[in-house]
Amino acid sequence: MTDLLPWHATPFEKAFSRASDPAVRLDTPITISRGIKYIGTPPSWLPFLIYEYGLGELSPYVPNLYQLIDDGIRWQRVRGTPAAIARGLGWLGYSGAIEEAEIRRTRWHLFQLHLGRVRDSEERDLNRIEGVTQLSVPVRSHFWRGFRTHDLRAMEYSWKRRSNAMYSTHSGACIRTGGAKWSFGRLYERDHTMTQAELTALGVWVASVPPPTVSTWSATPWPAAPWSDVGQQIRRDTIIGNLAAMSAWITFLTAGGAVIGHRRARVWRRVTSGSAASPYQVGGSQFDPLSAGVTGASALYVEAQTDFGDGYGQTAARWQVRLGATLADPARPGLLWADAPALRGGAGAVEKTETIEFGRTVRERCRAVLRVV
């Protein structure tokens, strides 16, 4: 016991101080119980410990209260730094790189997150990512946008090219008023060699060059076309040219075959095999576009991309390239997303099984190359 009495204290005062000191009775229990809340903590204690450490604001993001106490204390020590954001996103199963606004901007305190993957659940995950991120940053910073794959930026005069920017704002959509903006993209590909049945259904089938015949002056087979494959190439050019002259849509279907919607193709071009610098790619193959009238086409390239919110709330089981369809309402020639009754005619040229969950914050990009042999 530490005696804090003055030097001239009487014997009675000293005896009274020792008799009334609780440390004589409580020192041993206090020493034994030190650290007990960290070892074998009863569940009934957890709400009080969370209140003691000020971790209540993190409870929506870490439902396991034992983990919240362990990780939350470590998070508090780095709060206001990039390490806190990384730790918070890790609780949700995500990762992300911080991209701060340029210092030349008026709103220099804004920042974005380049997420490591496309979100899973739109409502649950995005609200949690936004919440834990905003809690992790300094007071002067504000999280306003997250993106992955699909990322178009607003036009800045003298800083960006007009062909590679948007004129109003960055790409993305909000899931709640005043919340962060989100911009995601997913890619689906198909490399398909068209069959005679598919080409016949589209009305563009052209028979192959007749088989070689035997000349009357020699036993050497003599083909009906020139020795080169010019005849075959002309045939392919004819078929692909007819396909390219048709309208092109990407149709999304449910598991039962019902049409969810059609998205107009933004590119359908005659192409030929290209180099690594070629503008179009499907899988590991590169393709160069061909102008009308130029021979040498080996395939038709088709690409479409849904807009934010197209098909929202539905899940597609497969998608197909639909050629030759027409709009039921000719007064809407610029329609980009059409529901089932809005499109009629045409035929599916290629189909691929793919589970696609449409959302408000993701654009689905489908591209296919249709080959003719």
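User: What is the handedness of the crossing of helix 4 and helix 5?
Analyst: In this predicted model, helix 4 and helix 5 cross in a left-handed sense. Helix 4 covers residues 65-77, and its axis comes within 10 Å of that of helix 5, at a crossing angle of roughly 160 degrees. Helix 4 is therefore roughly antiparallel to helix 5, as the angle is over 145 degrees.

User: Which residues meet there?
Analyst: From helix 4, the residues are Gln67, Asp71, Gly72, Arg74 and Trp75. They meet Ala84, Arg87 and Trp91 in helix 5.

User: And how does that contact divide by class?
Analyst: The contact of helix 4 with helix 5 has three nonpolar, two polar and three charged residues.

User: Moving on to helix 5 and helix 6: at what angle do their axes cross?
Analyst: The angle is roughly 155 degrees, and the axes of helix 5 (residues 82-91) and helix 6 (residues 122-136) come within 9 Å. These two helices are therefore roughly antiparallel to each other. Helix 5 passes helix 6 in a right-handed crossing.

User: Which side chains or backbones are involved, residue by residue?
Analyst: Helix 5 contributes Ala84, Ile85, Gly88, Leu89 and Trp91, while helix 6 contributes Ile129, Val132, Thr133 and Ser136. By class, the contact of helix 5 with helix 6 comprises six nonpolar residues, three polar and no charged.

User: What about helix 3 and helix 4, parallel or antiparallel?
Analyst: The axis of helix 3 (residues 46-53) comes within 10 Å of that of helix 4, and the two cross at roughly 10 degrees. Helix 3 is therefore roughly parallel to helix 4.

User: Which residues make that contact?
Analyst: Leu46, Leu49, Ile50 and Tyr53 of helix 3 meet Leu65, Tyr66, Leu68, Ile69, Ile73 and Gln76 of helix 4. Nine residues of this contact are nonpolar, one is polar and none is charged.

User: Changing topic: how much space lies in the largest pocket?
Analyst: The largest pocket holds about 690 Å³ of space.

User: Which residues lie nearest its centre?
Analyst: Ala101, Leu110, Gln112, Trp144 and His170 lie nearest the centre of the largest pocket, out of 31 residues that line it.

User: Which elements supply at least two residues of the lining?
Analyst: Strand 1 (96-100), strand 2 (110-115), strand 3 (142-148) and helix 6 each supply at least two residues of the lining.

User: And what is the class make-up of that lining?
Analyst: The lining of the largest pocket has twelve charged, ten polar and nine nonpolar residues.

How values were computed. Residues are numbered from 1 along each chain as its sequence is written. This is a predicted model: local features need pLDDT of at least 70, side-chain atom pairs count only at pLDDT 80 or more; totals for chains, interfaces and linings use all residues. Side-chain values use heavy atoms; hydrogens and water are left out. Axes are lines fitted to C-alpha atoms, for helices over the stretch in contact, and angles run from 0 to 180 degrees between N-to-C directions. Helices (H or I, at least four residues) and strands (E, at least two) are DSSP runs, numbered from the N terminus. Angles under 35 degrees count as roughly parallel, over 145 as roughly antiparallel, 65 to 115 as roughly perpendicular and the rest as oblique. A crossing is left-handed if the near helix is turned anticlockwise from the far one by less than a right angle, and right-handed if clockwise. Contact means heavy atoms within 4.5 Å. Ala, Val, Leu, Ile, Met, Phe, Trp, Tyr, Cys and Pro count as nonpolar, Asp, Glu, Lys and Arg as charged, and the others, Gly among them, as polar. On a 1 Å grid over the protein atoms alone, a cavity is a set of points where a 1.4 Å probe fits but cannot get out, and a pocket is an open set with protein on both sides within 12 Å along at least five of seven lines; lining residues have an atom within 4 Å of a point. Grid points are joined across faces, edges and corners, and a volume is the space filled by probe spheres set on the points.
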